[in-house]
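Have the coordinates open as you read.

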Amino acid sequence: MTWILENWERFWEVTAVHLRLSIVPVLAGFALSIPLGWFASRSAKARAVLFPLANVLFTIPSIALIVITPILIGVKILDEINVIVPLVIYTVALMVRSVSDALAAVPGNVIAAANAMGYRPLRRFLTVDFPLALPVTIAGLRVATVSNISMVSVGALVGLGGYGQLFTEGYQTDHTEKVLAGLIGTVVLAVLADGLLLLIGRLLTPWARAGR
Amino acid sequence: GSGNNEPAPTDTIVVGSANFPESRLLAEIYAEALSAKGVKVSKKLNIGNRELYYKGVQDGSIDLIPEYTGVLLKHINKDATEVGSDEVYAALKKALPQNLVVLDKSAAEDKDAVVVTKQIAAQYSLKSLDDLVPYCKDLAFGGPPEFQNRPDGLSGLKAKYNCEFKEFKSLDVGGPVTVAGLKDNTVQAANLFTTDYAIKANEFVVLEDPKNVFAAQNVLPLINEKKASQQVRDTLNAISRKIDTKTLLDLNQKLAGPDKPEPEKVAKEWLAGAGI
Amino acid sequence: MIEFRAVTKRFEDGTIAVDELDLTVEAGTITVFVGPSGCGKTTSLRMVNRMIDPTSGTILVDGRDVLTVDPPTLRRGIGYVIQQAGLFPHRTVLDNVATVPLLSGWDKRRARTRAAELLEIVGLDPAFGKRYPAQLSGGQQQRVGVARALAADPPVLLMDEPFSAVDPVVREDLQNELLRLQAELDKTIVFVTHDIDEALKLGERVAVFRKGGHLAQYAKPQELLSAPANDFVASFVGRDRGYRTLTFLHADVPVHPVATAKLGERITVADWTLVVDEQNRPKGWLSGVDGEVEVGEDDLVSGGSLYDGSSLRGALDAALSSPSALGVVVDDAGAVTGVVKADDVIQALAKARAAGEVPK
Amino acid sequence: MIEFRAVTKRFEDGTIAVDELDLTVEAGTITVFVGPSGCGKTTSLRMVNRMIDPTSGTILVDGRDVLTVDPPTLRRGIGYVIQQAGLFPHRTVLDNVATVPLLSGWDKRRARTRAAELLEIVGLDPAFGKRYPAQLSGGQQQRVGVARALAADPPVLLMDEPFSAVDPVVREDLQNELLRLQAELDKTIVFVTHDIDEALKLGERVAVFRKGGHLAQYAKPQELLSAPANDFVASFVGRDRGYRTLTFLHADVPVHPVATAKLGERITVADWTLVVDEQNRPKGWLSGVDGEVEVGEDDLVSGGSLYDGSSLRGALDAALSSPSALGVVVDDAGAVTGVVKADDVIQALAKARAAGEVPK
Amino acid sequence: MGAWLFDPAHWSGPTGIPVRLLEHLGYTLLTLLIAAVIAIPLGAFVGHTGRGGFAIVGLSNALRALPTTAVLILVVLWAGLGDFPVYVALVLLAVPPIMAGTYAGVRAVDPMAVDAARGVGMRESGVLLNVEIPNALPLIYGGFRGAALQVVATATIAAYTGAGGLGRFVFDGLALQEFGQMLAGAVLVALLAVLVDLGFAGLQRLTVSPGLRPAGTGGKR
Ligand SMILES: Nc1ncnc2c1ncn2[C@@H]1O[C@H](COP(=O)(O)OP(=O)(O)OP(=O)(O)O)[C@@H](O)[C@H]1O
Ligand SMILES: Nc1ncnc2c1ncn2[C@@H]1O[C@H](COP(=O)(O)OP(=O)(O)OP(=O)(O)O)[C@@H](O)[C@H]1O
Ligand SMILES: [Mg+2]
Ligand SMILES: [Mg+2]
């Protein structure tokens with residue numbers, strides 16, 4: 001803790017990087033997984049392809065992915081994109097299933113009622129299916145966000161890891177406090193993000209707590 | 001300091017470092033000195049290993065990084081055989097691609113070395129690698145993964161000393177895992193760097209290398225040719241003149257000290273003390 | 001008016017859910033589809049608003065072939081109420097009701113004002129508007145479902161077992177409410193149920209389906225009871241169909257005078273005497289006693305059901321349930337006007353039959 | 001025998017679910033708890049096997065205070081059947097039924113043999129034993145639920161709305177099955193429902209609860225109908241209570257001879273003639289015609305319900321539903337034995353009343 | 001990559017692919033075993049009592065946030081080299097999904113079945129062991145298989161501390177600039193993950209009651 005207080009500026013700096021590197025992939029991955037999840041919820045064939053694919057993508061070691069990404073998309077080796085792309089992939093791999101499950105769990109009679117009232121598909125998805133899928137989706141998003149915050153640290157490999165920097169440095173200098181500082185930072189950030197999403201979820205789904 | 005994503009303006013020098021304390025410290029010294037001279041500097045420190053950051057130097061992600069003559073030469077040219085300080089330096093200059101240059105080399109050396117604990121040294125009466133030869137086959141050796149295949153690694157030890165270890169354990173690059181491995185006797189000999197304060201702190205014994213398996217490793221700046229203005233060259237060369245191995249040892253000791261100061265701070269102090 | 005013309009629905013797996021259905025639902029009436037589980041009631045209903053498209057045949061709503069209308073547009077003009085209401089759990093009651101007007105492009109304020117009106121029409125306090133569906137009882141949810149279906153003032157209303165999830169008491173309330181609404185708003189309603197009592201109560205006409213999507217009988221309720229087309233219909237409408245037929249008969253039954261007495265009076269009773277209160281409302285019966293007695297609460301035998309002049313069924317039950325075998329007749333204020341006898345009811349039934357008022 | 005002595009249950013949130021309940025369930029009978037939703041039926045039932053513990057008061061099962069018995073042990077001696085059966089989805093039907101014997105330490109083989117027997121007892125093919133609950137229909141699941149509860153041969157059976165999730169036809173089957181079982185096995189059964197018809201049909205005695213956990217009336221079914229304790233009970237047992245009372249009366253009604261004719265015969269009919277088939281089973285009525293006619297299918301007026309000699313209710317309905325006002329009486333083979341008249345039923349009722357057979 | 005992967009030299013000896021695969025599998029299985037022993041009782045208990053659900057979800061999310069490498073390093077610094085730090089890091093990784101799956105599974109068991117279990121006279125332990133857990137198995141497996149995927153993927157970090165496993169190929173490939181080796185390592189990891197998942201899918205088929213299969217696969221209806 002004292003390390004954090006004494007090196008507040010540095011800590012704040014890595015925190016900012018860590019935040020940026022985790023928020024961007026979460027948002028991008030979430031946005032991508034909505035159409036994919038929707039697709040999976042509608043088609044057993046899509047599920048049969050997407051879910052195992054997601055599993056396999058998820059198992060690719062992040063180090064490998066970070067090193068391969070620049071070769072695949074042709075950017076500089078030290079670009080943040082090389083951390084962001086793998087994290088987006090992991091996020092999508094995690095979220096596709098959540099979104100698909102969430103959409104599949106929307107009660108059939110509600111969907112029937114919406115159709116019967118004359119909703120067209122897009123509007124129905126945006127104003128009925130998706131809002132009703134929010135609680136489950138957000139539960140998945142919480143997991144994905146937290147995992148992302150944890151995984152950003154591997155970016156330290158290319159000098160980009162946010163708190164991951166503190167781990168390498170602390171480690172190299174046998175400086176446990178620094179490692180702990182990064183660890184505490186990561187967990188606090190994750191818990192805050194988790195809490196924030198929980199809160200957002202509650203605000204967005206006031207009906208979920210209505211009634212008994 | 002840490003990277004940000006905007007491409008650095010052309011007049012700014014991006015200073016990088018590898019992810020070990022000495023490299024970071026040297027980078028801080030370079031950066032601090034340059035900015036004191038009014039050069040615009042940004043830092044991108046702690047980039048993994050040479051494989052990664054050298055690509056960064058090549059593709060222009062970073063412009064300047066502290067390097068070691070021997071390993072850099074081997075990195076560029078696997079088959080280089082030079083070992084002496086000046087020969088290595090000369091070969092290196094020749095081997096570098098067009099857009100990169102190295103400035104003057106310093107006297108400071110941070111070499112690979114084979115290190116054993118005091119107990120092992122006593123048990124087998126070891127002083128130099130020659131003494132180790134009869135026991136190689138009984139000992140486990142720890143080092144970074146790349147040590148296995150390098151000419152200045154296991155293959156060199158075999159070729160020049162005919163020393164083949166019982167087992168090789170992939171550990172980290174002269175870092176705490178290797179130190180821990182030595183301490184808990186997981187490995188009996190290991191690859192550390194000569195300026196590592198851990199050697200002193202743990203009373204490890206550095207074995208002499210009479211047959212020069214390990215090439216000279218003089219510290220020097222590797223820089224993008226376009227960014228190497230005369231002012232920059234002068235500043236960095238001035239630094240190199242002031243650094244010797246003793247300096248490195250002292251600085252590393254400071255970094256490893258009980259208060260674990262930030263390299264930036266240590267760099268500033270040293271620069272002030274050195275009058276640069 | 002809704003017309004099914006030779007409508008068949010065959011699902012992909014080969015199930016024939018509806019088979020050559022010919023049926024006309026008159027405008028401004030409640031038509032009920034009944035039948036055992038899986039007989040094609042829901043399928044028939046959902047073909048009207050194109051939730052399902054028929055395999056062959058034509059469905060006309062007010063003369064227009066539904067297949068020529070784009071489904072969302074068609075559906076906005078047809079109210080649809082389903083079991084357990086199918087309310088949107090994520091919207092307030094008011095916004096649930098305002099759904100169709102909003103979809104049809106009304107502005108928010110107008111849609112909400114209309115929704116609030118509708119809540120009143122279905123008998124809900126507008127204060128419920130701010131709640132979420134989960135905060136309502138089953139019966140209240142059903143009312144919201146009906147309000148939502150009525151929101152765009154559609155001439156046609158489809159209701160698929162809307163009341164099956166609520167308890168019997170609330171269910172009766174909802175049924176009465178629906179009859180009242182229909183009388184007021186004059187919609188064309190198709191109502192699906194598998195409860196024959198509900199069908200008989202609500203339907204101006206009742207279509208009895210049997211397995212395989214066949215129409216077994218399509219008739220007025222009294223006709224189903226008195227002249228079931230076949231054994232299937234007869235067994236489906238169940239026991240008690242003679243008794244139930246009486247529900248639909250409103251023939252006059254002679255009302256006989258009855259001896260009454262007030263509590264505390266001293267009287268001599270030879271036969272059954274009806275004890276009444278100050279407002280002449282029945283309190284119970286006093287059976288024949290010897291000599292003069294003071295009329296006390298304790299001597300009363302509690303009475304049977306009361307007959308308010310509605311149908312022969314009420315008259316007969318009043319007589320059957322009365323300890324004196326005399327059914328007490330009351331006026332709107334609940335005051336005794338006389339008694340009816342079971343024999344008279346049976347004669348009235350015979351007369352009604354002779355006059356052809358009971359369908360054969 | 002189950003005794004409730006001044007039993008009160010007040011939940012943590014202050015709800016009084018059961019209020020000072022005093023009630024004795026006789027051994028070897030079916031007692032039904034009815035009442036509107038939330039009136040404390042389930043709570044009362046669950047206090048018997050200590051799924052809920054009372055706030056005050058005592059419950060005795062066969063003379064033993066249940067609070068003195070450790071709940072799992074107590075429960076193994078009391079069968080419990082709940083809505084939708086509550087079967088264990090992960091166990092086969094046979095293993096579901098064998099649950100209690102296994103818990104009580106029977107060896108596996110014996111428990112399974114017993115379970116197979118029980119499946120037969122509740123009318124299920126033992127081949128169902130290998131299936132999982134999800135592979136059964138609702139009605140079959142209910143039977144398994146009953147079999148499971150019977151497995152340890154407990155003297156007492158608690159059933160909480162066990163049949164409410166199945167459709168009306170299956171429900172009637174299950175009710176009949178239960179009556180048969182009870183006659184065979186002579187258990188003490190407490191049965192909860194909110195369907196008054198079910199209560200009247202199954203209960204030897206019926207306890208009517210009202211909101212707040214009060215016992216409104218505890219009586220035999222016919223007494224509830226003919227002498228409801230108060231307006232709440234009267235309105236709860238509903239309209240038609242006079243007519244329903246007839247269900248419990250088995251007085252003799254005179255059977256009159258009737259003119260019959262066979263299809264294709266040439267006859268002269270002056271009055272209503274009952275047309276029968278070769279086995280003397282009723283086909284329909286032929287109304288009075290002038291001159292001689294050949295009896296053809298087309299001239300028949302379809303008949304009403306048939307009277308099989310059970311209760312006065314059936315007799316009256318047969319008469320009321322018949323186009324000739326004559327209720328057709330049939331024997332077990334379905335052959336016509338004569339006709340009954342509504343008047344006779346009404347007289348039989350009066351006689352029964354006079355004889356005190358109808359409770360006051 | 002293909003060249004590296006199919007080079008027979010890489011398929012034998014103490015540092016060959018089969019040995020590394022087995023080592024990796026070993027880390028994975030032991031980790032999962034330890035994690036299951038910790039997480040299943042915890043999740044089941046909280047699911048059974050219904051108390052502390054909020055805490056369990058929060059805790060498992062917080063645990064997920066722990067960067068595995070950092071934990072590994074920290075434990076190495078404290079406890080020295082060896083397998084111990086690897087297992088600590090991997091177990092911490094595996095616990096959250098298993099715990100969350102178990103909790104959710106037990107919560108999702110049909111309350112009617114649980115009520116019936118008490119009603120027939122099962123004790124609380126019996127309710128949990130004989131009804132709740134068997135019925136929660138599909139979701140428990142869900143969490144478990146998720147954890148298995150993550151552990152297989154992450155067990156590569158064992159190489160970081162000099163231990164074996166397929167991570168060796170990834171780390172060595174990286175250090176030696178042999179992308180073929182690195183990619184081969186990654187592919188082998190993915191392959192092993194698929195195999196492990198298939199294995200657990202088979203185990204799931206064997207141990208989950210057919211009565212719990214989604215309608216259609218459980219036999220005729
Ligand atoms: N999408 C479908 N695919 C195949 N068969 C179907 C489909 N929908 C309904 N069926 C079948 O068509 C028949 C009629 O179904 P429908 O839902 O219309 O019956 P219902 O009379 O409404 O029954 P219930 O009273 O149970 O609601 C049934 O046999 C049913 O299984
Ligand atoms: N655990 C509980 N905590 C608080 N109140 C409860 C609880 N269980 C039941 N109640 C309340 O006690 C009252 C009686 O409930 P009970 O379940 O016995 O009614 P019921 O007659 O079985 O109703 P239903 O016909 O709906 O099953 C109700 O008001 C109910 O809300
Ligand atoms: Mg239906
Ligand atoms: Mg209940």
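## A hairpin in chain D

Strand β16 of chain D and strand β17 (residues 336-341) of that chain run antiparallel, joined by 5 bridges. Keep in mind that this is a predicted model. If you want one pair to click on, D:V329 has D:G338 as its bridge partner in β17(D).

The hairpin made by β16(D) and β17(D) has 5 residues between the strands.

How many of the residues in β16 (residues 326-330) of chain D are buried? The count is 5 of 5, so the strand is mostly covered, with buried taken as under 20% relative accessible area.

In a regular strand, side chains alternate between the two faces of the sheet. Here, D:L326, D:V328 and D:V330 point one way from β16(D), while D:G327 and D:V329 point the other way. Residues on either side are buried.

## Empty space inside

Rolling a water-sized probe over the atoms shows where empty space is left. For this model, the count is 11 cavities of 30 Å³ or more, and the largest cavity holds about 100 Å³ of space. It is lined by 15 residues, and those closest to its centre are A:E169, A:T173, A:K178, B:R24 and B:P263.

Which helices supply at least two residues each to that lining? They are α8 (163-172) of chain A and α1 (21-36) of chain B.

Terms used. Residues numbered from 1 in each chain as written. Chains lettered and ligands numbered in written order. Predicted model: local features only at pLDDT ≥ 70, side-chain atom pairs only at ≥ 80, totals over all residues. Heavy atoms only, no water. 1 Å grid on protein atoms, 1.4 Å probe; cavity = no way out; pocket = protein on both sides within 12 Å on 5 of 7 lines; lining within 4 Å. Points joined across faces, edges and corners; volume = space filled by probe spheres on them. Helix = DSSP H or I, 4+ residues; strand = E, 2+ residues; numbered from the N terminus. Buried < 20%, exposed > 50% of the residue type's maximum accessible area, 1.4 Å probe, protein only. Pairing = 2+ DSSP bridges.
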